[in-house]
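Work through the exercises below with the sequence and the 3D view open. Try each task before reading its solution.

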Amino acid sequence: MKPRSLSHGAGAAATLETWTAHDWSHGVLLPHLAPHDRLIVRTRNSTYEIVVIVPYTPSVMVRGGAFFPDFTPARVAGSSLGGGFLKLHGVYAGFQMELVTDDLPIITTRVRTVSVLPTRDVAVM
């Protein structure tokens, strides 16, 4: 199966009306994935490889960017526009991905693309 690539820009201001009316089809919710599914997330500055460990918590192993040279346990808090709204446990093109580790929260630059590689299509770490 070929990876799905999801991309979209989010140029509108972060108002509640804009937020609730947003087309959320250009991303993925971690609880909708299976254990060991992989995400390739390309932001403006970095590429991240994310392996889903427990989808409903959403526990992952992440590698990439300046903070994750090796696979590191983390949790996907969600996606935001850098304001008060957070799309819980999701990664969406046009938004900043927010990750939480034992040490600190990490907020990426805006996501450009999200590719989903289902478990059946890739070898596990």
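**Exercise 1. Is Thr109 buried or exposed, at 19% relative accessibility?**

Step 1. Apply the cut-offs: buried means under 20% relative accessible area, exposed over 50%, and partly exposed in between, with a 1.4 Å probe and protein chains only.
Step 2. Thr109 has 19% relative accessibility, so Thr109 counts as buried.
Step 3. Place Thr109 in the chain: this residue lies in strand β10. Strands (E, at least two residues) and helices (H or I, at least four) are DSSP runs, numbered from the N terminus.
Step 4. List what Thr109 touches, leaving out residues up to four places away in sequence: Thr43, Arg44, Asn45, Phe95, Gln96 and Met97. Contact means heavy atoms within 4.5 Å.
Step 5. Pick out the side-chain link: a polar contact of 3.1 Å joins Thr109 to Thr43. A polar contact is a pair of N or O atoms within 3.5 Å; within protein, one must be able to donate a hydrogen and the other to accept it, and residues adjacent in sequence count only if both atoms are side-chain atoms.

A note on the source: this is a predicted model, where local features need pLDDT of at least 70 and side-chain atom pairs count only at pLDDT 80 or more, while totals for chains, interfaces and linings use all residues. Residues are numbered from 1 along each chain as its sequence is written, and side-chain values use heavy atoms, with hydrogens and water left out.

**Exercise 2. Find where confidence is lowest and where it is highest in the chain.**

Step 1. Recall the scale: pLDDT is the predictor's confidence in each residue, from 0 to 100.
Step 2. Take the chain as a whole: the average is 83, and 75% of the residues score at least 70.
Step 3. Compare the elements: strand β1 (residues 4-6) is lowest, with a mean of 49, and β5 is highest, at 98.
Step 4. Look at residues 5-14: their pLDDT is below 50, yet the stretch has 30 contacts in the model beyond near neighbours in sequence.

**Exercise 3. State how many helices and strands the chain has, and their order.**

Step 1. Count: one helix and 10 strands.
Step 2. Read from the N terminus: β-α-β-β-β-β-β-β-β-β-β.

**Exercise 4. Trace the pairing partners of β3.**

Step 1. Use the rule: two strands pair if DSSP finds at least two bridges between them.
Step 2. Start with β4: β3 and β4 are antiparallel, with five bridges. A hairpin of three residues joins them.
Step 3. Name bridge partners: Leu39 pairs with Ile50 in β4, and Val41 pairs with Tyr48.
Step 4. Turn to β10: six bridges join β3 to this antiparallel strand. Ile40 has Ser115 as its partner there.
Step 5. Check burial: five of the six residues of β3 are buried, so β3 is largely enclosed by the rest of the structure.
Step 6. Continue from β4: six bridges pair β4 with β5, again in the antiparallel sense. Their hairpin runs through four residues. Tyr48 stands opposite Gly64 in β5.
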